[in-house]
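Subject: Structure for your review

Dear colleague,

Please find the sequence and structure below. My notes on the findings follow.

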There are 2 protein chains.
Amino acid sequence: MSQHAQHVAVVGLGLIGGSVAQTLVADGRRVTGWDPDASTRELAGAACVEVVATLEELAASGAPLVVVAVPLRAVRATVEGLAASLPASTVLTDVASVKGPVRDAVQAAGLGDRYVGAHPMAGTEHSGFAAADPDLLREVRWAVTLDETTNLDAFFTVAEMITGPFASVVHPLTDDVHDEAVALVSHVPHVVATELLNLVVGSPVSEVAQGLAAGSFRDGTRVARTTPRRTQAMVTDNAGWVAAALRLAARDLEVLASQLEEGAQVDEFFDRADPIRGAAAPDRSTRSLQVGADGWQTDLTERGRQGAQVVAVDPGAASVELSEGRAG
Amino acid sequence: MSQHAQHVAVVGLGLIGGSVAQTLVADGRRVTGWDPDASTRELAGAACVEVVATLEELAASGAPLVVVAVPLRAVRATVEGLAASLPASTVLTDVASVKGPVRDAVQAAGLGDRYVGAHPMAGTEHSGFAAADPDLLREVRWAVTLDETTNLDAFFTVAEMITGPFASVVHPLTDDVHDEAVALVSHVPHVVATELLNLVVGSPVSEVAQGLAAGSFRDGTRVARTTPRRTQAMVTDNAGWVAAALRLAARDLEVLASQLEEGAQVDEFFDRADPIRGAAAPDRSTRSLQVGADGWQTDLTERGRQGAQVVAVDPGAASVELSEGRAG
């Protein structure tokens, strides 16, 4: 198995899948692509993607790496379709914004050990291949998820793509840590922006509130204004972690409301985030780490949980370049 | 009384008061200013503000309009100090982000009928005269609050300043409507941004969440990161309306959390704001409205509650140019 996939197959050629394909094409790699939508396939074909007519054809294309970039609701059928004809050595990854449910689907299809989850932390409010951009997913943060069964070559193949053509860092994580963290920095903020709009629309002073809203309110609710269905899909895909965080938020807001009504001190609420407020980014140092020995996956994701990032890989030496923060 | 104040006195020369002074100086008006801080007075003096040494001197400066731009906690003492030596014809306004408590203080000092509340909907995360900017409060939205005792000349004096040198529109409102609306589009969003930071700092995956946070999270929590004390002051100044909105938000988030946990439909939550989502701004038409007859204040603020804005004033004709939206 090569850990440098010069040929990559991409399933689903929307905003994210299309951007993945375009970045790899721009890097000079061969890209085979398929999308259920015929006009999308046509657009991709005109952008130097080798478009095939069926998922089975894509699975049989010989690409050593397949990127699944379909909506979460379509992942199960997609990986089942792939599993039927995928060569045993082919590595599987995806770009979904929630990782636990994808691994469940991949394991159910019998592809667990060769699967490495990936989630590029970027996007726009647009969708479709026409909105794809070869730079959208470059030089951004990519979460990469492993479990204790993840194949080392599969990890190297995916990490090489991210640190190579995508010029990005890899945050190695377990699915749970990823899904909990993304609930906090993406899904819950989207819910809250939606709720801010809901409060305005439901208010007796709705006209005035809309009239007075300054740029900061408009900016803060932009995503909630433009893509409610996509937000809803992200949130329901990660329902467990989102619900848990929403309960914490609701409790905190209730407590603050009571304190305000009683004229009590509210310093604690506003001071609580001081540890991350204005904190300088920690000094980071880079060192080589051997991977592949028993338990390397758990070792790597545990380091990732503490903030370590993979900035380069050396499959020949079975090592990664690890960037770690040092408590200042 | 002139309704075109060629001479304006500004009490408090921080970010907002300093910007008011700079805009008026740039417009060629005479500006008298005072600030309790000596170095601020020095900066203002170098920027063509006629700086006086005491509040009493400012009250006696002969300016027909005084703008109070001190923190809310200092408003009561400031207006009491002014009341002792202010000529009977002097108009009083302010720039605080909450209006009910300011009117209470002004009325307690016996200055109620000549007071018109004002709140420019703009700002930055910086503070102090050095951060002031003659364009900060130009071409923005200004809320202006009246009650049934507001003097017509006082209203014209303040509205002329806003529509003239500040080139801004006037939203005529009652204090309550203003304070409720601003809770929704400013104070509650600031609280919520703070809570998003609090959730991250309190999480077992805090390091990962901070590492994965993309630009949208950083942008959305910027204000909560940089000025927690100022946010706290705004929120506590408007405690009643903020608390009420926070209770609604907490209830909505709890309901959504339950729906997510039960796998129930959540379309309603994400659809609720459809009436304002992507809605085109209503067609607006401008017409002249006579003011000054009995009950003109209530008439004007009722129109303001429905979205009307004053875009120009004609004190000689006792009329305002009113811009009103038409249901499309």
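Across the interface of chain A and chain B, the rule finds 21 residue pairs in polar contact, both residues being at pLDDT 80 or more. A polar contact is a pair of N or O atoms within 3.5 Å; within protein, one must be able to donate a hydrogen and the other to accept it, and residues adjacent in sequence count only if both atoms are side-chain atoms. Helix H7 (residues 175-201) of chain A supplies the largest share of the side of chain A that touches chain B, namely 19 residues. That side divides into 46 nonpolar, 14 polar and 16 charged residues. Here Ala, Val, Leu, Ile, Met, Phe, Trp, Tyr, Cys and Pro count as nonpolar, Asp, Glu, Lys and Arg as charged, and the others, Gly among them, as polar.

On conventions, this is a predicted model, in which local features need pLDDT of at least 70 and side-chain atom pairs count only at pLDDT 80 or more, while totals for chains, interfaces and linings use all residues. Residues are numbered from 1 along each chain as its sequence is written, chains are lettered from A and ligands numbered from 1 in the order in which they are written, and side-chain values use heavy atoms, with hydrogens and water left out. Helices (H or I, at least four residues) and strands (E, at least two) are DSSP runs, numbered from the N terminus.

In total, 76 residues of chain A are in contact (heavy atoms within 4.5 Å) with 76 residues of chain B. The area buried between the two chains is about 7,100 Å², and carbon and sulfur atoms give 69% of this; buried area is the accessible area (1.4 Å probe) that two parts lose on being put together, summed over both. The rule also finds 6 salt bridges across this interface, a salt bridge being a side-chain nitrogen of Lys or Arg within 4 Å of a carboxyl oxygen of Asp or Glu. One of them joins A:Asp271 and B:Arg229 (2.8 Å, N to O).

Chain A superposes on chain B by a rotation of 180 degrees with 0.0 Å of shift along its axis (RMSD 0.1 Å), using least squares on the C-alpha atoms of residues with pLDDT of at least 70 in both. The two copies are thus related as by a two-fold rotation axis. Of the residues of chain A, A:Ala250 comes closest to that axis, at 2.1 Å (C-alpha).

Within helix H7 of chain A lies A:Thr194. This residue is buried, at 1% relative accessible area, where buried means under 20%, exposed over 50%, and partly exposed in between (1.4 Å probe, protein chains only). Not counting residues up to four places away in sequence, A:Thr194 touches A:Ala224, A:Thr231, B:Phe269, B:Phe270 and B:Arg277.

Helix H5 (residues 100-108) of chain A has A:Gly100, A:Val102, A:Arg103, A:Ala105 and A:Val106 buried. Their cover includes helix H4 (75-83), strands S5 (91-94), S6 (115-120) and S7 (141-145), and H7 of chain A. After H5(A) comes A:Gly110, with a positive phi near 80 degrees.

Over all chains, a search of the whole structure finds 38 salt bridges. Among them, A:Asp94 pairs with A:Lys99, their closest N and O atoms being 3.0 Å apart; A:Asp94 is buried at 2% relative accessible area, and A:Lys99 is buried at 0%. A:Arg251, A:Asp252, A:Glu268 and A:Arg272 are linked in a network of salt bridges.

Kind regards
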